Amino acid sequence: MRILAFEALRAVDERDAYANLVLPPLLRKARESAEAGSGPRFDARDAALATELVYGTLRHQGTYDAIIAECVDRPLREVDPPVLDVLNLGAHQLLGTRIPTHAAVSASVELARVVLGDGRAKFVNAVLRRIAAHDLDGWLERVAPPYDEDPEEYLGVRHSHPRWVVSALWDALGGGSAGMEELLAADNERPEVTLVARPGRSTPGELLDAVGEGSAVPGRWSPYAVRLTEGGEPGALEAVREGRAGVQDEGSQLVAIALANAPLEGADRRWLDGCAGPGGKAALLGALAAERGASLLAAEKQPHRARLVARALAGNPGPYQVIAADGTRPPWRPGGFDRVLVDVPCTGLGALRRRPEARWRRRPEDLEGFAPLQRGLLREALASARIGGVVGYATCSPHPAETRAVVEDVLKGRGGPAVSAEWMDARPLLPGLPELGEGPDIQLWPHRHGTDAMYLALLRRTG
């Protein structure tokens, strides 16, 4: 289990891989080897422990790095990355799980011996024994500065977020420290798996029956959502295998629902998803469009992601088309769509629960790299809508530079021609959701809504 977790962490570090893509094949390989008799025993409990070791270590890496730095005799940057991975795995077992101290240390030292050699195993042993001298609260008292002296660094160390991310989230959230503590803590919680029953193809009731009583509950906000309270494997469900349902965070579902429910005068026959990969929102939009007799065009720039979109939409009861196309240079005629969605590429700071490694991979300068693309996609989305048509601008980031600033720049003609459009109040389209802010746009939050931190602005083209 620990070797498997180590391999996953090395892939994340060396290849900039994502844990949610790397870990499942490793778990499957271990399970198949055990079943074939060519590997050690590997059951559901082993898979759960390996998963906790990988995701727990990645979520709390910043905190553990600060603690490890106090226990080594050199700058942390001079510790070889594979050694640091083993130390972080050991620190998580000592400080973040109920594994007994002696077992956590001995298992980590044995891992080091196997993957690093005897010499480095002795180093790992010495460092972990120093870490074991205090519990997590004791270490935080030592390594985090007082809140009054440096609140951002205090929160960053205590909740394992880079300082610049703490600052950005604080700007977006506003308010005092209590809300920030709740938000950062929510980023470190394991999110529930949420399913979507695609309208006309499946129902939440079908999914609840298939999962079984006590293992799933209806979603909090989306009428199509089902939350798996006991984990489980979504791919084992017939509706998911057949594409009639899928895995989709409730925040993403709400974005599609709000766009579909936005008031519209005149025709409502042609819908566009201008950034459709990997296809979750497109599949829900396609199902909602089919219920009204509307068609959906789903465009995705990357061909391999366009194939994922086509797979997600396969079997949709209404007319649809999937194309590989750049939304900033669209091949379709302007002004031809009644509803348009652009869920633009971004830093992903709103999905740190699901992709914890992103917080360490992203840099402040990434914002500048995404900015022209985000503005270009929104500008072309507005041009693609007919006069009176509705455009939804969405992003899985609450960073102000990726949300309202983008919309305001496009509407005011900064960096390109001004577009004639007006804000729509999106809040009434999601009745029952609390704390949606002053509007007219919407910002969802993990600690308030139990969703990823999705942002949505709705605009009506006026000229």
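How much space lies in the largest cavity?

Modeller: About 50 Å³ of space lies in the largest cavity. First, the ground rules. This is a predicted model, so local features need pLDDT of at least 70 and side-chain atom pairs count only at pLDDT 80 or more, while totals for chains, interfaces and linings use all residues. Residues are numbered from 1 along each chain as its sequence is written, and side-chain values use heavy atoms, with hydrogens and water left out.

Rolling a probe the size of a water molecule over the atoms shows where empty space is left. A cavity here is a set of points, on a 1 Å grid over the protein atoms alone, where a 1.4 Å probe fits but cannot get out; lining residues have an atom within 4 Å of a point. Points are joined across faces, edges and corners, and the volume is the space filled by probe spheres set on them. The structure holds two cavities of 30 Å³ or more.

Take the largest cavity. Its lining is L272, G274, G327, W332, V340, V342, L377, E380, A381 and S384. α18 gives the most, with four residues. Helices (H or I, at least four residues) and strands (E, at least two) are DSSP runs numbered from the N terminus. The lining divides into six nonpolar, three polar and one charged. Nonpolar means Ala, Val, Leu, Ile, Met, Phe, Trp, Tyr, Cys and Pro; charged means Asp, Glu, Lys and Arg; the others, Gly among them, are polar.

The second largest cavity has a volume of about 40 Å³. G251, L254, V255, A258, L430, I442, L444, M454, Y455 and L456 line it. α14 (250–261) and β12 (455–461) give two or more residues each to that lining. The largest share, four residues, comes from α14. By type, the lining is nine nonpolar, one polar and no charged.

Contact means heavy atoms within 4.5 Å. Leaving aside neighbours within four places in sequence, C396 is in contact with D343, C346, G348, L349, G350, A351, D452, A453 and M454. C396 sits in the loop between β9 (385–395) and α19 (404–411). It counts as buried because its relative accessibility is 14%; buried means under 20%, exposed over 50%, partly exposed in between (1.4 Å probe, protein chains only). UniProt places an "active site" feature at C396, in an unreviewed entry. An unreviewed entry also places "domain: SAM-dependent MTase RsmB/NOP-type" at residues 169–462. UniProt positions follow the numbering used here, feature names are shortened, and annotations may be inferred rather than shown by experiment. Over residues 169–462 the chain is 33% helix and 21% strand, with the end C-alpha atoms 33 Å apart.

Now the backbone. A cis peptide bond joins G277 and P278, with omega about 0°. P278 is in the loop between β5 (270–273) and α15 (280–291). The bond from G439 to P440 is cis too, omega near 0°. P440 belongs to the loop between β10 (421–424) and β11 (442–443). E435 is in the loop between β10 and β11. This residue has a positive phi of about 50° although it is not a glycine. S160, also not a glycine, has a positive phi of about 55°. S160 lies in the loop between α9 (151–159) and α10 (163–173). At 0% relative accessibility, S160 counts as buried.

Methods. On a 1 Å grid over the protein atoms alone, a cavity is a set of points where a 1.4 Å probe fits but cannot get out, and a pocket is an open set with protein on both sides within 12 Å along at least five of seven lines; lining residues have an atom within 4 Å of a point.
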